[in-house]
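Take a walk through this protein model. Keep the sequence beside the structure as you read.

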Amino acid sequence: MPLLKLENVTKRFGGLVAVDSISLEVEEGEALGIVGPNGSGKTTLYNLISGVYYPDEGRIIFNGEDITKLPPHRRTPLGLARTFQIPRPFGSATVIENVAIGAMFGAGRDVDSALREADEMLELVGIDHLRDKEAKLLTPLEKRLMELARALAMKPKMLLLDEVMAGMNPSDINRILDLLDRIRKEEKVAVVSMVEHLMHAITRFAERVVVMHQGKKLIEGETYEVLSHPEVIEVYLGK
Ligand code: ADP
């Protein structure tokens, strides 16, 4: 049984079909890239999976449960975590406080156990030394790692990452990719990442990619194969 299953999911905004009868499956512990140029429907797809929008048509099944019309806060406890789903870092709050929020709201912990969980997650992502620093003072990489720690504190079965590598330099990207690998292998968390630009990192991250184009699934398959496919190159080069 796949962890996540979308069956012919469609979302319209007025006359525009932002997501057009998409079906896809994600397995436990899998690394899947959702690739597509700007406007291809990636964000809308994420919003449907996380419950920001409900589909006009189709069904979404997570871990065997129909979540098609479930509000976002009821999806998180089932194990579906999105990096930017809960509030952006509170400026004056510390790193540990930001991460503990994930454990409280996502995993329903009380304050003490949320703090313990948060400490563990900070250690896992390698920023435990920043525990008591104000979140607003973090570098972009540190902030990204904090967001990951917060999402992990929700004890997800699946992490939905919004462009997690955007704005990072190659060494930052490597660090994040190493971490995502570990999370998948050690915690068996499926990681779905959105990627706007075709880049080297996606070939290292994703075992499989789904390429979106004008709301439809253009092609899906093993990463290397798909990214060298003439149709995919055409979409990106805008022939
Ligand atoms: P991507 O994330 O791949 O850039 P989006 O899902 O943001 O693509 O957008 C897909 C299409 O849906 C675009 O044409 C966009 O303008 C449109 N769209 C997205 N959200 C809304 C909205 N809330 N209202 C109207 N149109 C929207």
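A nonpolar core is a set of buried Ala, Val, Leu, Ile, Met, Phe, Trp, Tyr and Cys residues joined through C-beta atoms within 7 Å. Bear in mind that the model is predicted. Its largest nonpolar core has 69 residues. V99, A149 and M158 have the most contacts inside this core. At least three core residues come from domain 1 (1–79 + 157–239), and at least three from domain 2 (87–155).

Look at V99 first. Neighbours within four places in sequence are left aside here. On that basis, V99 is in contact with A118, M121 and L122, and also with M146, A149, R150 and A153.

Now step back to the domains. The protein chain divides into domain 1, made of 1–79 and 157–239, and domain 2, made of 87–155. Over C-alpha atoms, their centres are 24 Å apart. Eleven residues from domain 1 meet eleven residues from domain 2 in the contact. On the domain 1 side, helix α6 (residues 170–187) provides the largest share, with four residues. That side of domain 1 comprises seven nonpolar residues, three polar and one charged.

Next, the ligand. Which residues surround the ligand? They are F13, L16, A18, G36, N38, G39, S40, G41, K42, T43 and T44. By class, three residues of this shell are nonpolar, seven are polar and one is charged. Both β2 (16–26) and α1 (42–50) supply at least two shell residues. The most come from α1, which gives three.

Follow α1 itself. Its buried residues are K42, T44, L45, Y46, L48 and I49. Two of these names, K42 and T44, also belong to the ligand shell. After the helix comes G51, with a positive phi near 95°.

Finish with the strands. β1 (residues 4–13) and β2 run antiparallel, joined by seven bridges. K5 stands opposite E25 of β2. The two strands form a hairpin with two residues between them. There, G14 takes a positive phi near 60°.

Definitions and conventions:
Residues numbered from 1 in each chain as written. Predicted model: local features only at pLDDT ≥ 70, side-chain atom pairs only at ≥ 80, totals over all residues. Buried ≥ 20, exposed ≤ 12 C-beta atoms within 10 Å, placed from the backbone. Domains from an automatic or database assignment. Contact = placed C-beta atoms within 7 Å. Near = placed C-beta within 6 Å. Nonpolar A, V, L, I, M, F, W, Y, C, P; charged D, E, K, R; others polar. Pairing = 2+ DSSP bridges.
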